[in-house]
Amino acid sequence: MCCYVIVTGRSLAWTLLSLLAFMAVLSAVITPRWLVGPPKTIDTPSGAELYAPSEGIYNRCTRLFGRNHCANFNMEGMATDSSVFPTFWKLSLFFMSLGLAIMGSTVVTALLGCCVQSVGRKSIFNLSGVAQAIAGIAYLLGMIFHAGGWGADRVRRICGIEADAFYLANCSLGWAFYCAVVGIVLTFACAIFSGQAEKSTASDRVQDKMNEGKSLICLV
């Protein structure tokens, strides 16, 4: 049972930053805009239309039967043939998903942090900070493996046969890639800022409020 509810400006900021970091990476992973091919002019009944195919970690957008079509290409998950779902991208999806799972758990603990400040005599904020650092490392591995798969046949079809690991040839990086980068930076920022959140909930001002018998403590 929760005896004290403690909310400080720094703990609230850390919680919101953790949620933002999680959402940024999640949005990037599910969006097929990591790699964008060179634009092409397509003739349509309504006139010329500029179109650029794109690839995500496990999905893609292309032109089929005269219409733009976005769908997954990992129809059998990790068991999908490596000629369709490159092995490096399977590893990328695994590590990005692992990072999201860890980061998602810290978002939950951040919400619980206003009631539960410690687990097994360890600060929940410090434990969450360590977990967020691990999530950030998992994200980085996912990004590296994704770039390592740029030499796959499916990438060469839209980027050119010169495409190779860590070299995109005629393609460019899409907004989802940069969104993932922002999410990773925010994740490491959360790991660092968790210490400040812990200090704010264990400050003398909070202890004074507890000594006064208050169970709901809100401090800027």
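The model is predicted, and local features are described only where pLDDT is at least 70, side-chain atom pairs count only at pLDDT 80 or more, and totals for chains, interfaces and linings use all residues. Residues are numbered from 1 along each chain as its sequence is written, while side-chain values use heavy atoms, with hydrogens and water left out.

Let's start with the overall picture. The protein contains six helices and 11 strands; helices (H or I, at least four residues) and strands (E, at least two) are DSSP runs, numbered from the N terminus. Out of 220 residues, 43% count as buried. Here buried means under 20% relative accessible area, exposed means over 50%, and partly exposed is in between, using a 1.4 Å probe and protein chains only. The accessible surface of the protein comes to about 11,600 Å², and carbon and sulfur atoms account for 65% of that. Such areas come from the Shrake-Rupley method with a 1.4 Å probe, and for residues only the protein chains shown count as cover. Contacts tell a story about the chain too: among those between residues at least 6 apart in sequence, 62% join residues at least 24 apart. A contact means heavy atoms within 4.5 Å.

Next comes the inside of the protein. The largest nonpolar core has 44 residues, and W34 and M96 are the ones with the most contacts inside it. A nonpolar core is a set of buried Ala, Val, Leu, Ile, Met, Phe, Trp, Tyr and Cys residues joined through side-chain atoms within 4.5 Å. The elements that give two or more residues to this core are α1 (9-29), α2 (87-112), α3 (124-148), α4 (153-159) and α5 (175-201).

T187 is found in helix α5 and is buried, at 0% relative accessibility.

Now for the strands. Five of them form an open sheet in the order β7-β6-β5-β2-β10, with antiparallel pairing. Strands β7 and β10 are the edges, each pairing on one side only. Two strands pair if DSSP finds at least two bridges between them. Strand β5 (residues 54-55) is joined to β6 (residues 59-64) by two bridges, and the two run antiparallel. Together β5 and β6 make a hairpin with three residues between them. The bridge partner of R63 in β7 is N68, and that of N59 is N72.

Finally, the disulfides. A search of the whole structure finds two of them, a disulfide being a pair of cysteine sulfur atoms within 2.5 Å. With the bonded cysteines numbered in sequence order, the pairing is 1-2, 3-4. C61 is linked to C70, with an S to S distance of 1.8 Å, and this link is right-handed, with 110° about the S-S bond. C61 is buried, at 12% relative accessible area, whereas C70 is partly exposed, at 48%.

The other disulfide is formed by C159 and C171, whose sulfur atoms are 1.9 Å apart. This link is left-handed, with -95° about the S-S bond. C159 lies in helix α4 and C171 in the loop between α4 and β10 (172-173), so the pair ties together parts that are 12 residues apart in sequence. C159 is buried at 1% relative accessibility, and C171 is buried at 10%.
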